[in-house]
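Okay, thanks for coming, everyone. I've got one structure to walk you through today, so let me put it up on the screen.

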Amino acid sequence: QLDIMKELNFSAQEFDYLKEASDASNGLINTETQAMETIKQNKFVKGPFQIGNEETLNVFALKLVFDTNYHNEVNKIMTPVGKFFIALDNRTAKELAVVNKDANFWLNAAFILQIVVGVLVAMIAWIMISLLFSPLDKVVNTLMKVDMGNGQLNLTQALNEKGEVELVALAKGFNLFNGGIKGILEKFSLS
């Protein structure tokens with residue numbers, strides 16, 4: 001157990017408190033042993049206390065474990081035990097504060113990293129959407145320019161026939177359609 005306690009960084013002061021309690025406990029063990037052996041052997045057993053002239057063995061044994069002296073001996077054990085637990089609580093609280101500080105640092109770092117990743121994902125999504133839809137926006141804008149309002153058409157508009165296969169096909173189709181309408185209108189205006 002001592003090795004485990006050393007491994008867990010118990011302080012010299014904590015070990016001193018336990019030794020003090022252990023030393024006090026040895027005296028109490030002698031008192032308890034004298035009381036139990038007196039009852040068990042049904043005769044006075046030598047120990048730290050003497051039997052009174054008029055005392056029976058039972059009264060003597062009960063007095064040993066229930067009188068003020070016994071409780072004082074218990075207090076001699078419990079005082080360093082209490083100090084040990086206070087020292088242990090204080091040390092543990094300090095270590096916990098350090099661990100909490102480290103945990104808070106890493107939680108904050110993780111939170112900031114999540115925000116940075118979220119912003120990067122949003123920016124990449126915006127760029128991808130822009131790249132995907134900008135050619136379509138050009139097509140839509142060109143189609144809107146054909147209609148000048150008041151029933152008039154601007155047939156000089158044409159789409160760039162470069163880029164993705166689908167957009168090139170759309171541009172060729174629009175330019176062909178636009179040229180066809182322009183040709184029809186020119187025939188009607190000449191006639």
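This is a predicted model: local features need pLDDT of at least 70, side-chain atom pairs count only at pLDDT 80 or more; totals for chains, interfaces and linings use all residues.

Let's start with a salt bridge: Glu95 pairs with Arg91, and their closest N and O atoms are 3.3 Å apart. By salt bridge I mean a side-chain nitrogen of Lys or Arg within 4 Å of a carboxyl oxygen of Asp or Glu. Residues are numbered from 1 along each chain as its sequence is written, and side-chain values use heavy atoms, with hydrogens and water left out.

Back to our pair. Glu95 and Arg91 sit four residues apart in helix α4, so about one helical turn separates them. Helices here are DSSP runs of H or I with at least four residues, strands would be E runs of at least two, and the numbering goes from the N terminus. Glu95 is partly exposed at 37% relative accessibility, while Arg91 counts as buried at 16%. The cut-offs are under 20% relative accessible area for buried, over 50% for exposed, and partly exposed in between, with a 1.4 Å probe and protein chains only.

Now, which residue joins Glu95 and Arg91 in a network of salt bridges? That would be Glu14. Its side chain meets the one of Arg91 in a salt bridge, 3.0 Å from N to O. Arg91 is in helix α4 and Glu14 in helix α2, so this pair ties together parts that are 77 residues apart in sequence. For the range, helix α2 covers residues 12–41.

Buried or exposed, what is Glu14? Buried, with a relative accessible area of 1%. Leaving out residues up to four places away in sequence, Glu14 touches Asn9, Phe84, Ala87, Leu88 and Arg91, where a contact means heavy atoms within 4.5 Å.

Most residues other than glycine have a negative phi. Asn9 isn't a glycine, yet its phi is positive, about 65 degrees. You'll find Asn9 in the loop between α1 (2–7) and α2, and it counts as exposed at 53% relative accessibility.

Asn42 also has a positive phi, about 55 degrees, without being a glycine. That one is in the loop between α2 and α3 (57–66), and Asn42 is exposed too, with a relative accessible area of 60%.

Quick return to charges. How many salt bridges does the structure hold? Five. One more I'd point out is Glu55 with Lys63, where the closest N and O atoms are 3.0 Å apart. Glu55 counts as partly exposed at 21% relative accessibility, and Lys63 is partly exposed with a relative accessible area of 34%.

Last stop, the greasy bit. There's a nonpolar surface patch of about 1,200 Å², and among its residues are Phe111, Ile115, Trp126 and Leu131. Patches are built from residues with over 30% relative accessible area and no salt bridge, joining nonpolar side chains (Val, Leu, Ile, Met, Phe, Trp, Tyr) within 5 Å and like charges within 9 Å. The areas come from Shrake-Rupley with a 1.4 Å probe, and for residues only the protein chains shown count as cover. Trp126 lies in helix α4, residues 68–146, and it's exposed, with a relative accessible area of 61%.

That's my tour, over to you.
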